[in-house]
Amino acid sequence: MSRFEDPVIISCSISGAIANREQCPAIPYTPEEYAAEARRAVDEGASQIHIHARTPDGTPSYEIEDFRAITEAILAEVGDVIVNYSTGAIGVPMEKRLAYLRELKPDVAALNMSSMNYAKYSRRRKDFVFKAVFENSFDTIIEFLTAMRELGIKPEHECFDAGHVANLDPLIDMGLVTEPHQISLVMGVNGGIRPTSRNVGVMAEQIPGGPDRGANWQVIGISRDQWRLLSTALTLGGNVRAGLEDNLYLPDGEMARSNGDLIAKARQMAEDVGRRAATVAEARAMLGVPKRERAAA
């Protein structure tokens, strides 16, 4: 039977916090630019926007007002989309990272599921492009999950290796994580699992209850391996994420002119295997995130 009746949630990682306009001119900095990029992504099939905030000069920000300005601009432009905030940071106090969740209450917040080395290596340079250590102990994870539960925010569990998926087991048993899950298999970062199609299957099989029950899972492919990984996820029934945070290039090597270019390619790939992009309403139902009533700006 055709799977065209099986919708796929396409998420857009709209800017990230590492790449800049010297690398890709399309990366948004100002709230207005975020909104324009969100419009392009939603028009091409994205139902969820993952936000790292920046100041208007492009500097990564963890300030409430920058998240607020970007979110309000996006929602004013597109009307409705699932708003997903990053919580990952190095050297930023946890209280600061919780503050914008408490104040703005996004639909979803991403949460790394283990401490890890996080790096990108250049074979051409014979050196690391960047390298850092993310601290995500169980104590840190539990504090975030407890706050998200109180705030009605759905956690997105970002897993960079198979063991990170297994870290969900005790949290489910404690009642801190409930269905429907949102689990992201992140591949292509040095320090995490190698970005191969076989490993997509390996990680998907680790999802609590199995990949076909009680979970919405997606693949996040970093850099140019992305397209092979997303195609594997789509054929296995997973969701996908694309956008300028993760990868700047289309499969033919051409640099994307916008997030819309990347989302359009992901949507086409879904259609090529007999699936279709979920609407925002469908994605909300699948993830268990009802639309929030937000005060007018």
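1. Ser223 has a relative accessibility of 24%, so it counts as partly exposed. This is a predicted model, and in it Ser223 sits in the loop between strand S10 (215–221) and H8. Its phi is near 70 degrees, a positive value in a residue other than glycine. As background, most residues other than glycine have a negative phi. I would give this spot a look while you have the structure open.

2. Lys105 is found in the loop between H3 and S5. With a relative accessible area of 32%, Lys105 is partly exposed.

3. There is one more backbone detail to note. Glu179 and Pro180 are joined by a cis peptide bond, with omega about -5 degrees. Pro180 is placed in the loop between helix H6 (168–173) and strand S9 (181–187). For context, most peptide bonds are trans.

4. Next, Asp107. Like Lys105, which lies in the loop between H3 and S5, Asp107 has its place in the loop between H3 and strand S5 (108–112). Is Asp107 buried or exposed? Its relative accessible area is 3%, and under 20% counts as buried, so Asp107 is buried.

5. Val92 is in the loop between strand S4 (82–85) and H3. Its relative accessibility is 16%, so Val92 counts as buried. Leaving out residues up to four places away in sequence, Val92 touches Tyr62 and Arg97. Val92 and Tyr62 are 30 residues apart along the chain, and their C-alpha atoms are separated by 8.1 Å. The other partner, Arg97, is one of the H3 residues that meet H4, a pairing I come to in point 8.

6. Glu158 deserves a paragraph of its own. Glu158 is in strand S8 (residues 154–159), and at 9% relative accessibility it counts as buried. Which residues does Glu158 touch, not counting those up to four places away in sequence? They are His50, Ala110, Leu111, Asn112, Met113, Ser184, Val186, Ile220 and Arg241. Among these neighbours, Ala110, Leu111 and Asn112 fall within strand S5 (108–112). Ser184 and Val186 fall within strand S9 (181–187), and Ile220 within strand S10 (215–221).

7. The axes of helix H2 (residues 64–78) and helix H3 (residues 94–104) come within 9 Å and cross at roughly 45 degrees. That angle makes H2 oblique to H3. The crossing of these two helices is right-handed. On the H2 side the contact involves Ile64, Phe67 and Arg68, which meet Ala99, Tyr100, Glu103 and Leu104 of H3. By class, this contact has five nonpolar, no polar and two charged residues.

8. The axes of H3 and helix H4 (residues 138–151) come within 11 Å, crossing at roughly 15 degrees. Angles under 35 degrees count as roughly parallel, and H3 and H4 are therefore roughly parallel to each other. Here too the crossing is right-handed. From H3, the residues Met94, Arg97, Leu98, Leu101 and Arg102 meet Thr140, Glu143, Phe144, Ala147, Met148 and Leu151 of H4. The classes in this contact are seven nonpolar, one polar and three charged residues.

9. The last pair is H8 and H9. Helix H8 (residues 226–236) packs against helix H9 (residues 259–272) at an angle of about 40 degrees, and their axes are 10 Å apart. H8 and H9 are therefore oblique to each other. H8 passes H9 in a right-handed crossing. In H8 the contact is made by Trp227, Leu230, Ser231 and Leu234, and in H9 by Leu262, Lys265, Ala266, Met269 and Ala270. Seven nonpolar, one polar and one charged residues make up this contact. To return to the opening point, Ser223 lies in the loop between strand S10 and H8.

Terms used. Residues are numbered from 1 along each chain as its sequence is written. This is a predicted model: local features need pLDDT of at least 70, side-chain atom pairs count only at pLDDT 80 or more; totals for chains, interfaces and linings use all residues. Side-chain values use heavy atoms; hydrogens and water are left out. Axes are lines fitted to C-alpha atoms, for helices over the stretch in contact, and angles run from 0 to 180 degrees between N-to-C directions. Helices (H or I, at least four residues) and strands (E, at least two) are DSSP runs, numbered from the N terminus. Angles under 35 degrees count as roughly parallel, over 145 as roughly antiparallel, 65 to 115 as roughly perpendicular and the rest as oblique. A crossing is left-handed if the near helix is turned anticlockwise from the far one by less than a right angle, and right-handed if clockwise. Contact means heavy atoms within 4.5 Å. Ala, Val, Leu, Ile, Met, Phe, Trp, Tyr, Cys and Pro count as nonpolar, Asp, Glu, Lys and Arg as charged, and the others, Gly among them, as polar. Buried means under 20% relative accessible area, exposed over 50%, partly exposed in between (1.4 Å probe, protein chains only).
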